[in-house]
Amino acid sequence: RTFYEAIEDAFESEEIPYVLCTRRDYFTRGEIADLVNLISLLAEPDDPSYLAGWMASPLSEMPPGLAEELLARSKAGRESGDLLLLSDIIRKEHPELISYLEEMKKKAELRGVSAIIRELLCSPEFLTSYEPEQRRRVRANISYMAEIAAEYEVSQGRSLAGCAEYMRFSVKESKQQEEPEITDEDNDAVNVLTIHSAKGLEYPVVALGGAEARPKGPPSVDTSVRYGVIAKQMPDFLKYPEKKEVLTVAGMWHEERETMALLEEDKRFWYVASTRARDKLIICGLTKTDSSSGEELPPAKESFLSMISSSREAGDKWTLCSEEEVSPSYKNIKRACGGSTGPVYMLYPKIVSPAKLARLSASAYAMLSWCPTAYRLAYRQGRTMQWTLRGGEGAGGSEFGSLAHWVLSKWDFSNDTLSDWLPGGENESEYERVLKNVPYEVREEFRSALSRKQIREILYNYAMSEEGKMLSALLSQKGESKLWRETPFRVLDDGLLMVGSTDIFWEETDRICLRDWKTTTEEIAPGEYYEEQLKFYAYAMYIFRKGKRLPEKMIEIGINYLRSPSEKKKIIEMSDEALESTGERVHGAAVSALLDIFETRYEYCSRCPWRYICSKKHI
Ligand code: SF4
């Protein structure tokens, strides 16, 4: 937290939006105090201090001279015994301001405080009152406040007075509050937080600071289960005056034991910190240089930076770059921090050319192929994929699909046994029996008689189709199974670990047939996306079989839109050339994911599930 000020300066000079996720700092921000004041005013419109606070804040968009004049007149009136209230002056002379506040109050009561905060952000003229470099931060902080208000509304309901009180309480308590309780990846801003408060959270890209710091030793007076109260040094009256420092034996033993424990703790601490990153980890630490020779001095022993540096010596996996090699804008940051102008070097992992992800999932690859901007939204900002969201009961939302997939992974594709997995409402004991075996995460969907009925209908039609009959026959065959369902895989290909899970595949004499089941319609689940995902599966299977020297077979892929008539089904035979070209695209995607250049596929915008939140859409 000691670096917060420098970090803020750096982000502001680079105009990068950020949120300090430590409540103490967050709630004492000027814009947050102004916003809490406005919400309080809406809840208590007769309170003159809230009214005065709002008038003086950028949120009122009043010209500074006018707010000042009205406040001065009200103050002068009070001093001269004139009981004309500030609200009366405004009501008389600026009725439009009172109407505006009344309108806001009504909206807050009807639609919730979070809605009016978001509305404020839609017409952000008030931002012009802030310095240009502060505007993005102010915007991000206010947007974060909308999330806090929304959380309150979800747990406590829509209450303007309650929400205002909760916010005031947060501001008041924030002085003692050191760690964040709420963080949110949805803000398009960098989250700045302490490592302790990041426990349990994950982010696509994580930068760690302070890696040069050494772990602290035990305090000079400590308690120990083994030795009782420990003083590290002999008290003055027990040592010879000429001896500066005399350590006690118990202190030495204690230090020996505790230092080891603290070092272990420090390693765990940095382990926790490093594993917060999903895609990219940047470790920042300062090394000193010898003032006479200009040579880099090794980082302090036992620091995290030293741990990393030792791996450089051991395996030559690290390299030093001067600041110019790393980023031309780094100088600005250094200036903003008021740092020295001496030479600065960075310890960087040796450049692997081209750098690529070590692991790529089928869905990440499909997303990158669909539109790199969508990949950024999903995998860098952690936003939920729109078309996997629940779309209402029976509408093909994610739980509906998961329940259908669960049945498809167990059922023998015979209509006679369908109700064993999806019982109707009339047979209570049968329903209870099956419910016990349903995975916990889809039980809610299973409880819906309408969803069970709709899935039964969809699967009934599937069982009647040619493919359904063939699968049923395949399953009833004696001997080694030729059909696999819900099969997770991890296949390593040229340094890239490909992971995913196939819905179903079966083996025929000359081919392997891979299928993906979709319970939504193609408008909701775009075909190109799932086709690319299936090609990824096919390529992984091709590499797997090659590695195991299994007989060469044609790999055939297809998407089964279970709600659509079977004649619409698209089957693709993957030739060796098609598989090789998929492989090139997969490795290309693993490289481009690390380039941080996320292009847009405008041709998909009009039917892209991200179009409602994507700022780059082109429709
Ligand atoms: S809306 Fe357009 S630019 Fe945005 S993610 Fe979708 S396809 Fe890409």
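Predicted model: local features only at pLDDT ≥ 70, side-chain atom pairs only at ≥ 80, totals over all residues.
Residues are numbered from 1 along each chain as its sequence is written, and side-chain values use heavy atoms, with hydrogens and water left out.

**View 1. Met 541 in helix α23.** Met 541 belongs to helix α23, which covers residues 527-547 (helices are DSSP runs of H or I with at least four residues, numbered from the N terminus). Met 541 counts as buried because its relative accessibility is 11%, where buried means under 20% relative accessible area with a 1.4 Å probe, protein chains only. Leaving aside neighbours within four places in sequence, Met 541 is in contact with Phe 505, Ile 512 and Ile 555 (contact means heavy atoms within 4.5 Å). Between Met 541 and Arg 490 there are 10.0 Å in space, C-alpha to C-alpha, although the two are 51 residues apart in sequence.

**View 2. Glu 531 in helix α23.** Glu 531 is also found in helix α23, and at 17% relative accessibility Glu 531 counts as buried. Apart from its neighbours within four places in sequence, Glu 531 is in contact with Ile 557, Ile 559, Lys 570 and Ile 572.

**View 3. The surroundings of the ligand.** Among the residues that surround the ligand are Cys 371, Thr 373, Arg 601 and Lys 617, where a residue is near a molecule if one of its heavy atoms lies within 4 Å of it.

Terms used: Helix = DSSP H or I, 4+ residues; strand = E, 2+ residues; numbered from the N terminus. Buried < 20%, exposed > 50% of the residue type's maximum accessible area, 1.4 Å probe, protein only.
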